[in-house]
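Please read the points with the structure open.

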Amino acid sequence: MKAKQCRVDMPCSKETADTAHAFARSFDRPRTGCYLYCFTLAQHALDLSGPTVDPRYGLRATWYGEIAAIWSHVGFDQFHPEKFEARAADPQTIAAVAVRHDEVISRLMHTAPVLPLKLCTLFDREQHVGAFLADHAQQIFEFLEKMRHKQEWGVKILLVPQRSALVESEYEHRSVDARPTNHLSATRGAAAVTTLGAGRRYFEHKRQDRERREQAQSQAARRVAEVDSTLRRFTPDVRPLPVRRKSRVEEHGDLIWTVACLLDTDQLNDLRCELSAVGERLQKEGFMLEMTGPWAPYSFCPSLDERSG
């Protein structure tokens, strides 16, 4: 890739830009930083319209050869790291920023490959955005070239409780004291016999439930291996994702396995057909197979030094 001098693109005329800069320097405006969304590879004009994380400022692009860094100004009255950390304690605030962040990236990835950056990647000034881009240009360029005809998709397997033996029986959730006993026993010996019988039934239920769960877990492991094998026939880029306990419950069941995969766009239909056939078999066994996407390729991005300022 032939390196070129950085330049900054704005969706406005020079006269309008000069007026905007003068206004931004006025005492009515907070000191600003640069919020970096992503890098993209494009040989045509980019659509820099649409909302940003700070609606007071529009999108801009800093170019280095064929690579564009997409960013916008943000007011440090809201986005200074210390102030934003306090605001981020409010889930609605961080959710609103995340939605706008993803919207910017999604608009661009429909027309060109993107290398997305994590939420709230900030630089102190425009020159630092350009310097960061120049320092990592080769690594960014290679990734964007790889992504020209690829997309990230997600595949997950869910357990549907009402259909699967993996679910613990209701009996196990009851305490021993809550189970009915024979209060009409005339003697202590008769009561002891009744209690012994109840205890045996309890442990028998426990044993049967354990065996059913072990059998179902073994079955789930086989189905996970089957889906994983199917995916790897289409791509070597399959990344397991963590199944966090607090986020296991999905709309249709409990999440037990999830991966991200990088797929050639011309292979999507063939893969969907194969996964559909596998999904029908899984559904009969109490599982659900889902394929979602395309997503911004966070799972496969190179490790850049995403420092602030």
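**Points on the predicted model**

1. Start at strand β5, residues 114-123, where Cys 120 is found. Phi of Cys 120 is positive, near 65 degrees, and the residue is not glycine. That deserves a look, because most residues other than glycine have a negative phi, and most peptide bonds are trans.

2. Next, check a peptide bond. The one from Gly 293 to Pro 294 is cis, with omega near 0 degrees. Pro 294 sits in strand β9, which covers residues 287-295.

3. Now the overall picture. This is a predicted model. The protein chain has 9 helices and 9 strands. Of its 309 residues, 38% are buried. Among contacts with a separation of 6 or more, 78% join residues 24 or more positions apart. The accessible surface is about 18000 Å², and carbon and sulfur atoms hold 51% of that surface.

4. The largest nonpolar core has 24 residues. Leu 36, Phe 39, Ile 67, Leu 115, Ile 140 and Leu 144 touch the most other members. Two or more residues come from each of β2 (32-41), β4 (67-75), β5, α5 (126-135), α6 (137-146) and β8 (254-264). The most come from α6, which gives 5 residues.

5. Which residues is Leu 115 in contact with, leaving aside neighbours within four places in sequence? They are Cys 38, Phe 39, Ile 140, Phe 143, Leu 144, Cys 301, Pro 302 and Leu 304.

6. Another core lies apart from the largest one, with 23 residues. Its members include Cys 38, Ala 68, Ile 70 and Val 104.

Methods:
Residues are numbered from 1 along each chain as its sequence is written. This is a predicted model: local features need pLDDT of at least 70, side-chain atom pairs count only at pLDDT 80 or more; totals for chains, interfaces and linings use all residues. Side-chain values use heavy atoms; hydrogens and water are left out. Helices (H or I, at least four residues) and strands (E, at least two) are DSSP runs, numbered from the N terminus. Buried means under 20% relative accessible area, exposed over 50%, partly exposed in between (1.4 Å probe, protein chains only). Contact means heavy atoms within 4.5 Å. Accessible areas come from the Shrake-Rupley method with a 1.4 Å probe; for residues, only the protein chains shown count as cover. A nonpolar core is a set of buried Ala, Val, Leu, Ile, Met, Phe, Trp, Tyr and Cys residues joined through side-chain atoms within 4.5 Å.
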